[in-house]
Amino acid sequence: MKRSREPALWALFSGGGMMAALFLPALAFVLWVAGPLGWVTAPSFETLAALALHPLTRFFLFGLAGLCFFHWAHRFRYTLYDGLQLYHLDRLIAVLTYGVATLLTLAAGVLLTIGL
Amino acid sequence: MGQALNPDHTPYHPKWYRRRIPIFWWLSKRGYVKFITRELTSPFVVYAVLLLLVQVGALARGQPAYQRVEDWLGRGPVVAWHAFVLAALVFHSVTWLNLAPSALVLRLRGARVPDGVIRAAHFGAWAACSAMLGWLLLGRV
Amino acid sequence: MSDSVTIEVRRYRPEQESEPCWESFEVPFRREWMVLDALNYIKDHLDGTLSYRWSCRMGVCGSCGMLVNGEPLLTCATYLEGLMPGPIRVEPLNGFPVVRDLIGDLGDFLEKLERVKPWIVREEERDVSEGEYLQTPEQLAAYKSYAMCINCMLCYSACPIYELEPHFIGPAVIALAQRYNFDSRDEGVEERMDVISQQDGIWSCTFVGECSTVCPKNVDPAGAIQRYKVRATADFMKSMVMPWAKR
């Protein structure tokens, strides 16, 4: 019997879920809430640029972005299936969600290599 | 014997009843509401990653470009919106890490490691990652 | 506290009505009574045509599961006292076609249960003269929680996915497959994986988690499914890295 391809998608979903859980709240808190509100002294442009443009950071950001995009694709696909009862649009939804995730991952790859 | 009051009924041909599932079934029970909220954190994850990439792109284009992003980030409604995004991301983290013991079953010298220990280890890792990011971003406090 | 309680029962008599309707009964309230005792009172004293399943009255046979005030519960293990002052609403379980009153058709579950071979599968059966298969307490502990399942169907009723996507094999069947997978005497893991690692198997599940919440025996089917996903993913990775290795 043919086994489903779902394990690969689930592995990406899980990887992205874990990355998002571990890293995103702290980034969001410092960069978008505490920084703008002045609760913390926002890092200077030079510090941030040096940090963000470091090759290791780019590599990390690419991994984080790609996995998080596929995390969304997988979860959102099932949200549409179950939440809106769209089982008959099965194929279309899968193509759209994973397609968008693939395009976004490629765009992130371009940005983080030649785009910076 | 009660007589047939339902005109569609014919003896020996059972008619089973199947209910129609409401479109908003996920509002019908507290557990389902929590489930759908958890599932709907995924667009916020994408939003956060995209915003992060926008910010990194602006950093690469130099101080004036970055300043424009900073100014936008400092506007009142934007901060309020990002507080909401942060809440969604925290909800994702908490629900995600809480499920870790279901997937991860470890054995140590024959005995199963208690769920509480596995959960605590995951939340510890979250704290460690957050502290590391804070240290990197906020001038190594 | 009052000496009687109103029980609102979902009735469906296909010869009388094409859609289920509610019927109210006034039943004496006794502190030691379960919801099932109230139903038995209705059947014995008020309306003998009320149809429902029950057998053991002690939470073992798994036949008296119903929705009580919207929650899937074993009616033999649910005190009236905890639901006072009423009215108490009793309905058939969600997810199963209603045959009559509180009785759902479980044929779909039984067909799916058989697919995962819920018995000990051996490549070669050992001869009786060689003695029994021995098992240590640790080996027993590895599957015992899954063996507590009484097939009461409360997890199916709590699972929105099963009702939305009737092809989904469902929580209890997957937990029972794990019950045999984790049994040291069993050799059927691969055969079951072929059935379970399909779209209709574990991959339909999105971990709503209600199955484990409502389980009266703490079987944790949601955990069983999650462990199965990890296993299937590990198998998949292995087959990608080492395609020549036998699964």
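Helices are taken as DSSP runs of H or I of at least four residues, numbered from the N terminus. In this predicted model, one such element of chain B is helix α1, which spans residues 30–39 and includes B:G31. The model as a whole scores ipTM 0.94 and pTM 0.92. For chain C, the mean pLDDT is 94, and 99% of the residues of chain C reach 70 or more.

When neighbours within four places in sequence are left aside, the contacts of B:G31 are with residues of chain C, namely C:V208, C:G209, C:E210 and C:T213. Within chain B, B:R19 lies 12 residues from B:G31 along the chain, and a distance of 21 Å separates the C-alpha atoms of the two.

The contact between chains A and B was also described. Chain A contributes 42 residues to this contact and chain B contributes 44. On the side of chain A that touches chain B, at least two residues come from each of the helices α1 (6–37), α2 (45–52), α3 (55–84) and α4 (90–113) of chain A. Of the elements on this side, α1(A) gives the most, with 17 residues. Sorted by class, the side of chain A that touches chain B comprises 34 nonpolar, 7 polar and 1 charged residues.

Note on methods
Residues numbered from 1 in each chain as written. Chains lettered and ligands numbered in written order. Predicted model: local features only at pLDDT ≥ 70, side-chain atom pairs only at ≥ 80, totals over all residues. Contact = placed C-beta atoms within 7 Å. Nonpolar A, V, L, I, M, F, W, Y, C, P; charged D, E, K, R; others polar. pLDDT = per-residue confidence, 0-100.
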